[in-house]
Structures are given as structure tokens and as C-alpha cells.
Amino acid sequence: MLKSRPQPDEVEVSLFGPGYGESVVVHLGNDDWMIVDSFRPAGQPPIALAYLQGIGVAADRVKLVVASHWHDDHIKGMSDLLEACPNATFCCSSAFRERELLAFVELHDTPMSSLGSGVDELRRILHRLDGRKYKWAGDGAQLWRRRPSPKAVVWSISPTSNAFRLATAAIANLAVEQGQTKTRLTPSQLPNDLCVVLWVSVGDGNVLLGADMEEPGGLDRGWSAVVRQDPVWDSCADVFKVPHHGSKTGHCDAVWQDLLKSRPFALVTPYTRQVRPLPTPADRIRIRAATENAYTTATEIETTVIERSRGVQKFLSRAGRQPVVRSARGQIRLRASASVGSWSVETHPPAGRL
Amino acid sequence: MSDTAVDVLRFSEESRSSEKGSAWLSAENEAFTLVSARPARTAEAAPIAGSSPTQSLAADEVPSVRGVWKADLRFPRRLPVTVPLQEWEGVVDWVEGDEFGATLADMTRPDAHELEQDTFSMEEVRRDDEELVKPGAAFYWTIALVTSDVGQRSYASFIRFRRLPAWRTQDVREARERASELARRLNLA
Amino acid sequence: MSTASVVVVGTFEPQVFHPSWFASHDLFGDDTLAAALQGLQLVHRDYAAFTAGWLNIKVEPHRFEFLTTETVYDADLRDLVVNTFTLLSTSSVRAVGLNHEAHYLMDDLDALNELGYRLAPREPWEGILNGQGLQALVVAEPRDDPPGYLRVQVGPSGRITPGVVISLNDHFQLADSDETKLAEASDVLSLLADRWEEAKARGRSIPEKLVGLA
């Protein structure tokens with residue numbers, strides 16, 4: 001990981017993403033920090049904590065921890081992260097105020113497998129919120145603010161009210177769906193337009209963190225609904241955490257036209273656990289066409305094989321099988337002076353240009 | 001008398017009270033074909049060292065000493081054996097056509113934290129489990145060394161999808177109650 | 001050769017547990033149901049028993065046994081017990097046993113005898129018995145939480161020769177000793193979740209240590 005602390009008047013955005021998992025660490029100036037999403041490299045502390053420790057930042061300087069949504073790859077280790085950050089306000093989608101969604105989370109009180117799931121992690125978090133500050137994210141909700149220079153503010157700009165309303169039916173369906181089967185289904189996924197998109201302003205710099213927001217079509221959902229709402233921003237964003245691993249389902253032209261400056265820094269985390277990993281070659285072409293300042297946390301994914309007994313290994317080879325561990329320890333880090341607003345970029349391999 | 005002894009005797013008494021002996025084949029049971037019947041255990045049949053009510057019945061067997069000493073030890077009796085060598089628990093990530101991809105946790109090394117990934121063919125799945133292969137489904141995958149009773153050795157792969165019980169109305173009701181309590185603690189309306 | 005089993009002592013109706021009951025709750029697929037019907041021994045008011053491939057089920061009015069002779073399937077066994085007792089949520093339960101039994105082939109008769117003499121030395125028997133041999137040795141360790149014991153039984157194997165059979169019975173008493181308060185099916189589920197892995201580990205490590213004494 002990259003070393004060195006930012007200056008007090010510097011804003012920093014660090015993105016980690018090893019192929020499965022995503023975490024954003026933001027310096028809001030004056031040694032105030034925010035963490036968005038979490039993953040845990042095998043057997044190690046959450047990556048965000050490891051990074052902060054590596055650059056000499058105490059965990060009690062973290063002021064805000066945001067779970068953008070409950071997907072496994074965005075939330076693993078977050079309960080431990082919160083435990084380590086006693087001064088952090090926890091924030092998640094206002095969708096979890098819905099009693100039915102809480103009931104759905106409670107229904108999963110027993111993990112279905114030893115691999116755990118995002119629902120398990122979220123349930124642990126919700127049960128440990130006693131005595132901690134927390135906020136519910138929705139369009140136009142101010143999550144954190146600092147007035148002294150450099151002034152800084154964090155807004156959530158989703159889920160929008162309409163997305164929330166439309167998703168309520170989906171939430172009700174989750175329990176019905178379970179009741180109609182004889183064997184237990186794994187937790188279904190909620191629509192991605194219930195996830196939390198953040199707008200971060202520090203001094204003159206603006207950052208748009210897109211989580212896994214998608215564009216399902218229609219003006220009242222997804223990115224279209226976000227773009228159409230009354231803006232909390234007074235100028236466009238310099239940095240864009242590209243949503244949904246660069247997929248075309250997360251793309252919306254209006255975001256690039258209306259919310260982002262020309263040729264913004266576009267940051268992408270890959271996703272390898274599907275038959276066609278993201279971003280696809282076509283996704284890369286599309287993003288590079290929109291900006292030359294496009295970066296990925298993993299230009300390549302390291303593949304390792306765990307050593308096993310000779311007999312097992314021979315059998316696997318003859319069967320044409322080979323379980324592999326896929327990982328990438330890359331980091332993209334952007335910094336800018338809050339007043340000057342000119343961004344510099346560093347990468348730790350295998351992060352690099354998209 | 002120890003609590004354990006009390007449990008054994010009580011269990012044996014209950015068994016005796018339900019013992020029917022040959023009367024099992026009574027008219028009321030004519031719908032069933034009796035292949036074999038094992039009479040209920042009685043206190044008299046308790047093995048030498050006493051027994052536990054929760055032990056497996058196979059453990060009651062006390063082999064004939066005559067059988068051991070008279071065996072021709074030039075040709076030791078062997079039984080087919082399947083020895084698990086490597087076990088994973090997996091979760092399906094994607095399904096496409098006749099393949100599925102999964103993330104695997106190594107159960108043979110519980111202290112290992114790395115998760116592995118591999119691609120499987122539907123041909124490797126039991127027919128009973130085919131309908132269970134969906135994203136998010138959990139399964140066990142074991143590689144074992146199989147030795148037949150004539151000593152033929154081979155490696156075999158066993159994939160079994162987990163059947164976890166569906167939630168019942170009671171589970172949903174209790175979840176809603178816990179959700180209400182959680183909402184109260186979180187000051188939700 | 002080894003077996004793993006779960007025995008639940010409680011109150012049951014054996015006649016319910018026809019293979020079709022398991023299939024109706026989606027616990028058996030079609031092939032398993034077919035195998036179970038082939039391997040059906042009896043389903044009667046007082047006794048039900050069948051085998052289905054790796055699975056062996058025996059139900060009596062106060063005893064429910066799930067057994068497998070293929071330890072490849074021991075996690076599947078646990079899942080089936082969990083599924084069954086999730087469905088039998090109103091059953092009252094008194095005790096649960098997690099059992100492992102294994103037959104070990106010794107190098108030769110001398111090794112078998114050496115193990116027997118290590119566990120039951122000859123000297124105390126001199127002048128009392130002639131030419132004695134160990135037939136079965138049972139040692140138990142009590143447990144407080146939950147109450148119960150771990151019982152280890154060792155003896156010569158009647159299935160492989162020269163061999164020794166080592167049986168572990170991890171007994172968990174869930175009801176009060178005077179049975180004024182019985183346990184529920186959910187207690188079975190909690191026990192399996194909490195104790196299965198350690199019982200399985202003991203099922204491997206204790207026999208290995210004992211056999212290693214020879």
C-alpha cells in the first residue's frame with residue numbers, strides 16, 4: 001500500500017479493490033476521515049484500517065463509515081471496522097428503516113454457509129448500533145459537515161424518494177418468495193437503486209462516489225432520478241468512483257454530462273466472480289472514451305494455487321480442475337490541495353491506468 | 001446409582017414397554033412388508049460395560065472372541081473404505097449453460113482464510129441436486145480416496161448441494177418481532 | 001471403516017418417518033427417495049428404518065438415529081438432522097449424542113495385542129485369570145456445560161482383522177435429570193451448530209492417539 005499521510009489541507013481519495021471487494025478511504029481535511037464500504041483480505045483486518053494504520057492515522061479520527069449497500073463485496077469486515085472506529089457515525093441506506101427489510105435481515109439470523117454473507121454482516125452491524133451515532137442516507141441528506149477551513153461536507157444523493165417507494169414492493173416480495181419454496185433460498189438482492197451514492201465536497205474539490213448505482217431505465221429510478229433531483233453541489237465533480245465495476249448497467253450519459261467535469265478522474269474496481277468479469281473490454285473502451293484519466297485498482301489479477309497433497313493435486317490436474325485464489329493488492333490514491341484543487345494521482349501495483 | 005445408570009434403565013424400560021416381539025407382524029401392520037425387524041432393547045441385552053442412551057447402536061456389538069482368534073490372518077478381512085482427503089464448502093457465484101462458478105472455503109484447513117474459485121460442470125452434480133444449482137446456493141465438495149474391498153484404489157469427487165429448510169410462518173413471525181424490537185432500539189418510527 | 005451418527009433421545013412417532021415424509025419436505029430428491037424405498041426395512045407405529053445410499057435412519061418412540069458409514073457425508077448428515085428437527089419444532093427432546101466409530105487395521109496381531117495390553121495391563125490380572133484378552137474398555141469423561149459426558153469404547157474389531165474398533169459417544173443431556181423440564185428441538189439445532197465441529201475433531205484425534213499407543 002501507499003505510504004505517507006496527506007497534509008491537513010489536502011483532500012484524498014483512496015480506492016482499493018482486489019477483484020472481489022471494494023473500499024474507499026477519504027481524507028476530508030484536518031485529519032478527519034471517512035470510509036465507504038469494506039472488504040477484508042484473507043485473514044487480515046479490513047483494508048481501510050490497515051491503510052490508515054500504515055500511514056499513521058489513528059482509527060478514532062474516522063468520522064463517518066458508510067455502507068453503500070449490503071452486497072458481500074462491499075460490506076465484509078465492516079462490523080469490525082466500526083468497532084475499531086469509536087468516533088465514527090455509521091450510515092446506511094434509509095431503506096433499512098423499513099420494518100419489512102429489517103424483518104428480512106432478522107430472518108437471516110443463522111448464516112447459511114461458513115462463507116457468510118453481506119446480510120450476516122449487516123445484521124451484526126445493526127445489532128451493535130446501541131450507543132453509536134448513526135444516520136440514514138437518502139437524497140439530500142447531509143451526513144457530515146465541517147465549517148472551519150477547509151470546509152467540508154458529505155451528502156448522500158440516493159436512494160431517491162421514488163426509488164425508495166418502488167423498492168418497497170420489492171422488499172415485500174422477498175419474504176413472500178421465501179415462503180413459497182420448500183428449501184431456503186439465499187438472500188435475494190435488493191434493487192441497486194437503493195444503494196447510497198455520496199457527494200463529497202472539500203474546499204473547492206468535489207468527489208462523486210457511485211457505489212453500485214445502476215441505470216435501470218425510466219426517469220424516476222437509478223441514475224436518472226439522481227441527476228434530476230435538486231443538486232446539493234454547486235460545481236461538478238473532479239473525481240468519480242465509477243459505479244458497478246464499470247458495467248454498462250451502471251452507465252448513464254447524464255452523469256458524465258451534468259455531474260462531472262470534463263475529463264474527470266474515473267476510478268474503477270474490477271469484479272471477477274462472474275462468468276464475464278467486469279469491467280468488460282467494451283466497458284473499458286467506453287470509460288476511456290469519456291476520460292483519459294481512467295484508472296483501475298487491478299490491471300491484472302494475481303492467481304495463486306494452494307499447495308495440496310500430491311494425490312489430490314494429481315486428481316485435480318487429471319480432472320482439468322484447479323481452484324485458484326484471485327487477489328490484487330492495488331491502490332489508487334488521488335490528492336489535491338483543498339484550495340488549489342489540482343489533483344495528483346498515485347498507484348500501487350497492480351493498480352494502474354484502465 | 002449414577003444418573004447415567006438411571007437413564008439407561010429408564011430407556012430400557014421404555015423400550016421393553018413397546019416391545020412386541022413376533023406380535024409386530026399383527027394385522028394392523030399388514031400394509032407394510034417386513035424385511036427385517038430388530039426387537040427393542042431390554043436391560044438384559046445391555047452390553048458388558050453399560051451403555052449410553054445416545055450412542056449409536058452399532059457400538060453395542062461385542063465381537064466374538066472366537067471369531068478374532070480363529071480368523072486366518074494371512075488374509076485379513078478388509079472392507080471398502082472412503083477416506084476424505086480434501087473438503088471445501090462452496091457458494092455458487094454464477095450459472096451459465098452447463099457450467100457454474102463458485103467460491104470455495106477450505107474446510108480441511110479451517111485456519112486458512114483465502115477463498116478459492118473454480119468452475120464446475122453440471123455433469124458433476126447429482127441429479128437430485130440439479131434444481132438447487134443457483135447463484136448463492138451452498139454445497140460441499142469432497143475429494144476422497146476410495147479403496148474397494150478387493151483393494152482397488154481410486155480418487156473420487158463428491159459434490160453435494162445443501163438443502164436448508166425453508167423458513168416457516170413461525171420463523172417469519174419471530175423475525176418480525178425481532179425487527180420490531182430492533183426498530184425500537186434504533187428509534188425508528 | 002468409520003461411521004458417524006447423531007442420536008436424539010426424545011418423543012417421536014416412528015410411523016411418520018416414511019421416506020416420503022422426507023421427500024415431501026424437499027429433504028430428499030427423487031433418486032434418494034427411490035433408494036430409500038428400495039432400502040426400506042419397516043415403517044411401523046413403533047419402529048421405522050431405512051437406508052438410502054450413504055444414509056441410515058432408525059426411529060423408535062424415544063430414539064431417533066441418523067447414521068452414515070461414509071464419513072464423506074458427515075456434513076450432509078448434520079444438515080439432515082438440522083432440517084428434520086427444524087420441521088419437528090414441537091418435539092420434546094431429552095438428550096443428543098454425537099457419535100463417531102472407526103475400525104483401524106493394525107499392522108499385525110502383535111500390534112493389536114500390544115494395544116490391548118497398554119490399555120489393560122496384564123499384571124493386575126496375574127493369578128486371577130489365564131490367557132485373558134481385552135474385550136471392551138469404556139472410559140468416560142464428564143462434562144458440565146451442557147451436562148453430559150464423552151464416552152470412549154475400545155475393543156477388537158469384528159469387521160476387520162486384525163483390527164480395533166474405537167467408538168466415541170459425545171452425550172449431551174438437554175433435559176433436567178429428573179425430566180421436569182424437557183428441551184426443545186431448537187436446543188438440538190443450537191447444539192449441532194455449537195458442538196459439531198469439535199465433536200468431529202475429537203472423533204479423529206482420540207482414535208489416532210489411542211492407536212498410536214501400540
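**View 1. Chain B from end to end.** Starting at the N terminus, the elements of chain B follow the order α-α-β-β-β-β-β-α. That makes three helices and five strands, where helices (H or I, at least four residues) and strands (E, at least two) are DSSP runs numbered from the N terminus. The model is predicted: local features need pLDDT of at least 70, side-chain atom pairs count only at pLDDT 80 or more, and totals for chains, interfaces and linings use all residues. Residues are numbered from 1 along each chain as its sequence is written, while chains are lettered from A and ligands numbered from 1 in the order in which they are written. Of the 189 residues of chain B, 26% are buried (20 or more other C-beta atoms within 10 Å of the residue's own, with C-beta atoms placed from the backbone). Among its contacts between residues at least 6 apart in sequence, 48% link residues at least 24 apart; a contact here means C-beta atoms, placed from the backbone, within 7 Å.

**View 2. The open sheet of chain B.** Five strands line up in the order S3-S2-S1-S4-S5, with antiparallel pairing; strands pair if DSSP finds at least two bridges between them. At the edges you will find strand S3 (115–121) and strand S5 (153–161) of chain B, each pairing on one side only. Neighbouring strands of this sheet are turned by 35° against each other on average, direction ignored (axes are lines fitted to C-alpha atoms). Look next at S1 (residues 81–96) and S4 (residues 138–147) of chain B, antiparallel strands joined by 10 bridges.

**View 3. A hairpin in chain C.** S2(C) and S3(C) form a hairpin with two residues between them. The two strands run antiparallel and are joined by four bridges, with S3 covering residues 47–52. His44(C) has Tyr47(C) as its bridge partner in S3(C). Strand S2 (residues 40–44) of chain C is largely enclosed by the rest of the structure, because four of its five residues are buried.

**View 4. Two nonpolar cores.** A nonpolar core is a set of buried Ala, Val, Leu, Ile, Met, Phe, Trp, Tyr and Cys residues joined through C-beta atoms within 7 Å. The largest has 98 residues, and Val65(A) and Leu198(A) touch the most other members. Helix H4 (residues 99–107) of chain A gives the most to this core, with six residues. Beyond its neighbours within four places in sequence, Leu198(A) has contacts that include Val36(A), Trp155(A) and Leu209(A). A second, separate core of 50 residues includes Val43(C), Trp54(C), Leu55(C) and Leu191(C).

Methods
Buried ≥ 20, exposed ≤ 12 C-beta atoms within 10 Å, placed from the backbone. Contact = placed C-beta atoms within 7 Å. Axes fitted to C-alpha atoms, helices over the stretch in contact; angles between N-to-C directions.
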